[in-house]
Amino acid sequence: MYKKIFSFLIFLSLAAFLALVQFSLISFLPWPWSNLDIILIAIIFSCLMVSRDRVWFLALAAGFFIDVFSFHPFGLSLLSLFLSAVIMYFVLENVLTNRSLYSFLLLSIIGITAEAFIFNILLVIFDWSGSSGRLFLFSATFWESLAWSLALGVFLVALFFNLLALASRRLQPFFLKGR
Amino acid sequence: MRLAWKIKKIWLWLFIIAFIFFAHFSRLSRPLENSLTIAIRPLGKSLHGLSTWFQGRPNDANSIEEIVAKLTVAENKLVLAIVDQAQLQLLVEENNKLRQQLNFLNNNNHYRLVSANIVSRQNLFDAEGNAQDIILDRGSKDGIITGLGVINESGVIIGKIIEVKDNSSRACLTTGNNCQLAAAILNGTKTIGLSEGELGLTIKMNYIPQMEQIKEGDIVISSGLGDNIPRGLVIGRVAQVNNQSNEIWQDVSIEPIASLYNLTVVAVVLP
């Protein structure tokens, strides 16, 4: 039981650190690097390594910290990250039956797209001071940011996946030796 | 049995989320949130400072000749600025003497300031067109309210407070679409109007009557007529005057004097 509590505390600290880096460092990087979402990438890799409960806990905690630090309506990041984690886990367990590189690249695309859409839909629902006058679907900036988020996210997932494949036997390699 | 357990777990997660929302909106979690906001200040300031290393200005020169040309122009402007400063000093002394003679209250320009570190930039509403707001690590507990001006180390106004929490606040930059300032142009007729940012790059002042004489290089300052921003804070310089003879209004493009790209420490001007 203490081991479980300790592991949740580790994930809480990780969530706080990721939220702070996303909030203070990445948000101020030059475009297009500011479109990088390291919290989502951490969630994707958590799907590889740990149980469903810890993945969802990481998403919930990171979303909570981002909501506390930021000035957008409370719950926006929390719900968008959590729901994206739920969708990713559902896809991984029921649709993608293996853990190859292709599966995780597809999972990254699904996760990043889901998070962007859920975030903006919630923003429209909350109608943040009436500033959501133009629907985000008709905004070129939204699609451009999404494209860059996908490109950067997929690149990082591929890079770290290959590094992890060298270090761990838990992943199916891209090339199956002996075939 | 397994399905029942799964359903119980789903209800547990929903309960946790609902509790977080309840705790926030009933202000039960306010002490925890304030503690977190205070706790991130030193690390947030360091991380934000680190990110400024990666920032570059959009008009960086690309060759030595360009740099030399820019340096020459800057040196000439410096000489003119020194001359202006000397004349200004004389005017200030004369003004003080006249005030003393007429027994006026001395309207000194010493502002009450609260210094703040920038901990993040938030371009959340990109769909609305390049809104870039900065997050400061000072809030209502430090006396900050909405509408206050934010200045850089040179005393140039770079934005306005638009939202305040207990220990943090959000300010719009003068070049942001959502940032409007009551402004005045230092021309012969002291034209007043509303400046607003455009595309995160420049500032515009619209609906200026055609009869107003404005020329490139005129200084634009805060007029003191709106919000809680005092008069006299420099916003920028007129870069372009757009006046068509067949139009009722003219508009000007204002070039911000302050660099808005590498800000790390700013000050909020208290009323």
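In the predicted model, residues 24 or more positions apart account for 65% of the contacts in chain A that have a separation of 6 or more. The chain has 179 residues, and 39% of them count as buried.

Helix H1 (residues 2-25) of chain A packs with helix H2 (residues 38-49) of chain A at an angle of about 150 degrees, and their axes are 9 Å apart. Because angles over 145 degrees count as roughly antiparallel, H1(A) is described as roughly antiparallel to H2(A). On the H1(A) side, the contact is made by A:Leu18, A:Ala19, A:Val21 and A:Gln22, while H2(A) brings A:Ile38, A:Ile39 and A:Ala42. By residue class, the contact of H1(A) with H2(A) comprises 6 nonpolar residues and 1 polar residue, with no charged ones.

Turning to the partner chain, the contact between the chains draws 27 residues from chain A and 30 residues from chain B. On chain B, the side that touches chain A receives at least two residues from each of helix H1 (2-25), helix H2 (30-39), helix H3 (41-51) and strand S1 (112-122). H3(B) provides the largest share of this side, with 6 residues. The side of chain B that touches chain A is made up of 15 nonpolar, 9 polar and 6 charged residues.

How values were computed:
Residues are numbered from 1 along each chain as its sequence is written. Chains are lettered from A and ligands numbered from 1 in the order in which they are written. This is a predicted model: local features need pLDDT of at least 70, side-chain atom pairs count only at pLDDT 80 or more; totals for chains, interfaces and linings use all residues. A residue is buried if 20 or more other C-beta atoms lie within 10 Å of its own, exposed if 12 or fewer, and partly exposed in between; C-beta atoms are placed from the backbone. Two residues are in contact if their C-beta atoms, placed from the backbone, lie within 7 Å. Helices (H or I, at least four residues) and strands (E, at least two) are DSSP runs, numbered from the N terminus. Ala, Val, Leu, Ile, Met, Phe, Trp, Tyr, Cys and Pro count as nonpolar, Asp, Glu, Lys and Arg as charged, and the others, Gly among them, as polar. Axes are lines fitted to C-alpha atoms, for helices over the stretch in contact, and angles run from 0 to 180 degrees between N-to-C directions. Angles under 35 degrees count as roughly parallel, over 145 as roughly antiparallel, 65 to 115 as roughly perpendicular and the rest as oblique.
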